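Here's a walk through a multi-chain model, going from single residues out to the places where chains meet. Have the viewer open and follow along.

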Amino acid sequence: MKPLTAIVFKDIVIEMRSKESISSMLMFGILVLVIFMFAFESSGLEKTVIGPGELWVAFSFAAILGLNRSLAMEIDNDCLQGLLLAPLGRGELYLGKVASNFAFMIIAEFIVLPVFFILNNLSFDQRFIGIAGISILGTLGISAVGTILSTISANTRMKEVMLPILQIPLSVPVIIAAVEATSQILNNEKPEISAWLTILAGFSIVYLTVSYLVFEFAVEE
Amino acid sequence: MKVKILAILSVITMIPALYMIFLFAPTEATQGNAQRIFYIHVPLAVVGAYGSAIMLFIGCLGFLITRDLKWDRFAACSAEMGVVFTAAQLLTAMMWAKPIWGTWYAFDSRGTLQIVLLLIYIAYFMLRSYLPDREKRAKLCGVFGLLGMVDVPINYLSIYLFRTQHPQPVISPGGGGVDPDMAKTLLMSFIAITLLYAYVFVRRLTIAKVEEEVDYLTQVALANE
Amino acid sequence: MFALESDDIRKTFGHFTALAGVTLNVERGEFLALFGRNGAGKTTFLKIAATLVRHTHGKLRVEGVDISDEPEKARRYIGFLSHNTYVYRDLNPVENLRFFARLYGLKDPEHRIESLLDRVGLQRRRSDPVRGFSRGLHQRLGIARVMLHDPSLILLDEPYTGLDAHAVETLDQMLDEASAAGKTIILTTHDLEQGLRGATRAAIIDRGKIVFTGAANTAAIREAYASYIRVGVSR
Amino acid sequence: MNNRAFTLVAIVFFIHNWVMSSRQARLEKKLEELKNQLKDRP
């Protein structure tokens with residue numbers, strides 16, 4: 001547990017100094033929301049119909065930006081090797097990076113979320129809390145799969161381009177489940193929301209476990 | 001040698017399969033002749049798309065456990081088969097859907113899964129081509145392939161749930177087709193496609209071996225200079 | 001008791017052989033200089049010993065701990081320094097060392113960090129981000145990072161690359177101190193004089209195999225070095 | 001549509017087979033060259 005908090009704490013200190021990760025995720029997320037607003041303003045579609053898709057497009061692409069930043073930091077000066085020399089298992093290292101990626105994404109998303117509510121003229125009632133909860137579950141899944149995939153793509157020549165190519169197909173279940181759950185909350189209908197939440201949680205658990213076991217292969221030289 | 005036998009076998013079985021599909025099998029009442037696509041579509045999907053997924057999973061897992069290059073070759077060939085067969089299968093699906101549903105593509109549960117699967121296969125291939133170091137390539141692609149194939153059942157679950165919530169007026173292509181002649185045709189076509197798959201796969205595997213040898217000898221030649 | 005016991009360590013992948021069977025025992029307190037041409041396998045060997053690379057055959061023990069069975073335990077004994085320092089450019093020296101101290105779970109890290117900063121002469125720059133450091137200052141922080149958890153086996157992979165004269169002096173001084181404190185040191189280099197400066201024993205690795213071992217500063221090592229490395233004739 | 005579907009599938013497999021063949025030919029030629037090149041030196 002101690003090394004895990006050390007990694008998260010280190011990333012927070014670096015982020016406070018460089019202010020690169022959260023600000024870029026934030027800006028990107030808000031830009032996506034604004035673009036969506038312009039693109040669909042004249043279509044006359046109900047805000048609650050396109051809203052969930054809009055929100056998760058913003059979240060998942062902003063997450064990729066954050067993941068790229070987070071890994072660029074570890075690749076710079078071969079810092080990842082320094083982490084590998086420390087007396088902790090590769091799996092724990094993975095969990096540490098997931099924790100810090102998750103934390104940064106959540107911070108950015110919790111600022112984007114009110115903007116989403118304001119832009120779409122929604123009132124801040126219990127729907128806000130519900131969507132915040134779904135964001136936490138969905139982001140856990142995205143960071144679980146994104147952390148290991150960003151480590152993989154870091155070895156290629158075009159890391160920034162490679163990450164979305166690897167990540168988007170794998171996070172399809174998260175996107176579908178999160179969008180569906182969000183739309184049910186937005187429309188105040190909750191018939192089968194638990195099924196979607198189960199998929200989100202199941203995805204996170206499966207990927208955390210599998211990645212914990214195979215992370216060694218992704219970082220080994 | 002193995003390749004030649006498989007090639008001959010797949011040609012031998014393909015001819016009766018085509019005969020049965022076009023002439024032997026009865027015309028389906030509601031869909032007409034378009035239904036005949038289904039005889040080639042189903043084997044392509046089952047053997048090509050899902051079969052490759054299982055093979056890719058086995059290849060990646062095998063490599064990560066044994067660290068033997070032959071499993072990496074196996075995985076790479078499975079992924080290539082996945083790309084080719086899934087693409088072919090999607091083409092048949094589109095050709096069938098246009099006259100029957102009136103659209104080229106409908107995002108029903110199976111179709112969506114096929115597209116995601118194709119994207120994962122292609123991503124696996126792109127990753128391979130951007131990793132120059134042989135050992136790194138094998139390891140990282142092994143990890144990615146494993147993660148990708150773990151994704152398939154979860155994907156299926158979410159897409160299935162997604163679609164059953166919004167039922168669409170979609171008749172399963174096999175709806176009502178329990179005619180014994182139809183079953184025989186489908187079986188024959190399954191055999192033909194499986195042999196075709198085996199032929200292409202084994203052929204690709206031998207090429208992969210030659211490729212490895214060329215890589216190695218190039219390195220040796222460079223080192224000697 | 002050996003600080004490092006390597007029994008027929010091999011590293012192969014497909015047709016490629018990086019190490020063809022390295023058997024090498026290093027006694028506690030020894031300072032071994034490992035020479036070899038580029039691509040001879042010296043870096044691979046050190047990385048295997050540091051558990052960064054996995055070997056395909058053989059057994060390697062660090063202070064009696066098998067690195068395949070208990071890598072986490074073995075890593076506590078190992079300090080590894082290459083020409084990359086593995087420190088974060090956005091953090092200052094104190095924050096960097098504090099982070100690594102936490103990773104290693106050190107008790108009373110502050111005291112240790114202060115004394116290390118004194119020894120490598122970074123006290124004045126203690127709160128500047130590493131980003132602005134020169135190569136020499138960088139490497140001094142790297143040395144502090146390696147010594148932080150008081151490793152008993154120090155592995156150095158071409159540590160002199162790109163260092164200015166002052167940094168070389170600091171590194172030499174640290175190595176002498178560590179050696180005097182009874183630590184085991186393995187240093188790889190392709191430069192004979194630099195390697196032999198403090199070494200007690202020397203070994204030459206060629207084509208993934210140890211081809212010569214002997215006491216440092218003898219005529220034999222110079223001869224072997226000349227035939228294997230300087231001339232570059234492959235046998 | 002039937003004919004088109006079967007033709008398209010045939011084309012896909014034909015192209016793939018063709019790509020494989022040319023690749024194999026190229027690699028085998030390269031292999032020969034390399035073997036000859038390395039024959040002089042052990």
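## Glu54(A) and its surroundings

Leaving aside neighbours within four places in sequence, Glu54(A) is in contact (heavy atoms within 4.5 Å) with Val32(A), Leu33(A), Phe36(A), Phe116(A) and Asn120(A). You'll find Glu54(A) in helix H3 of chain A, residues 47-75; helices here are DSSP runs of H or I with at least four residues, strands are E runs with at least two, and both are numbered from the N terminus. Glu54(A) counts as buried because its relative accessibility is 2%, where buried means under 20% relative accessible area, exposed over 50% and partly exposed in between, with a 1.4 Å probe and protein chains only.

A word on the ground rules: this is a predicted model, so local features need pLDDT of at least 70 and side-chain atom pairs count only at pLDDT 80 or more, while totals for chains, interfaces and linings use all residues. Residues are numbered from 1 along each chain as its sequence is written, chains are lettered from A and ligands numbered from 1 in the order in which they are written, and side-chain values use heavy atoms, with hydrogens and water left out.

## Cys141(B) in helix H5

Over in chain B, Cys141(B) belongs to helix H5. Its relative accessible area is 0%, so Cys141(B) is buried. Not counting residues up to four places away in sequence, Cys141(B) touches Cys60(B), Tyr124(B), Leu127(B), Arg128(B), Leu131(B) and Lys136(B). Ile100(B) is another story: 41 residues separate it from Cys141(B) along the chain, and their C-alpha atoms are 40 Å apart.

## Two positive phi angles

Most residues other than glycine have a negative phi. Arg67(B) isn't a glycine, yet its phi is positive, at about 55°. Look for Arg67(B) in the loop that runs between helix H2 (37-66) and helix H3 (69-101) of chain B. With 22% relative accessibility, Arg67(B) counts as partly exposed.

Glu63(C) is also a non-glycine residue with a positive phi, about 50°. Its place is the loop between strand E4 (57-62) and strand E5 (65-66) of chain C. Is Glu63(C) buried or exposed? Glu63(C) is buried, since its relative accessible area is 10%.

## The nonpolar cores

A nonpolar core here is a set of buried Ala, Val, Leu, Ile, Met, Phe, Trp, Tyr and Cys residues joined through side-chain atoms within 4.5 Å. The largest one has 188 residues, and Leu149(A), Phe144(B) and Phe35(C) have the most contacts inside it. Helix H5 of chain B, residues 134-165, gives the most to this core, with 14 residues.

Take Leu149(A): apart from neighbours within four places in sequence, it is in contact with Leu163(A), Leu166(A), Gln167(A), Leu170(A), Phe144(B) and Leu147(B). There's also a second, separate core of 47 residues, and among its members are Leu6(B), Phe38(B), Leu44(B) and Phe201(B).

## Where chains A and B meet

Of the four pairs of chains that touch, A and B have the most contacts. The meeting involves 30 residues of chain B and 31 residues of chain A. Together they bury about 3,000 Å², 75% of it on carbon and sulfur atoms; buried area is the accessible area (1.4 Å probe) that two parts lose on being put together, summed over both.

The rule finds two salt bridges across this interface, a salt bridge being a side-chain nitrogen of Lys or Arg within 4 Å of a carboxyl oxygen of Asp or Glu. In one salt bridge, Lys139(B) pairs with Glu220(A), and their closest N and O atoms are 3.0 Å apart. On the side of chain B that touches chain A, the largest share comes from H5(B), with 18 residues.

The contact between chains C and B takes six residues from chain C and nine residues from chain B, and buries about 760 Å², with carbon and sulfur atoms giving 74%. In chain C, Phe13(C), His15(C) and Phe16(C) lose the most area to chain B, together 74% of what that side buries. The rule finds one salt bridge here: the side chains of Glu135(B) and Lys11(C) meet at 2.7 Å, N to O.

Chain A and chain D do not touch, their nearest C-alpha atoms being 23 Å apart, and no contact joins chain C and chain D, whose closest C-alpha atoms lie 12 Å apart.
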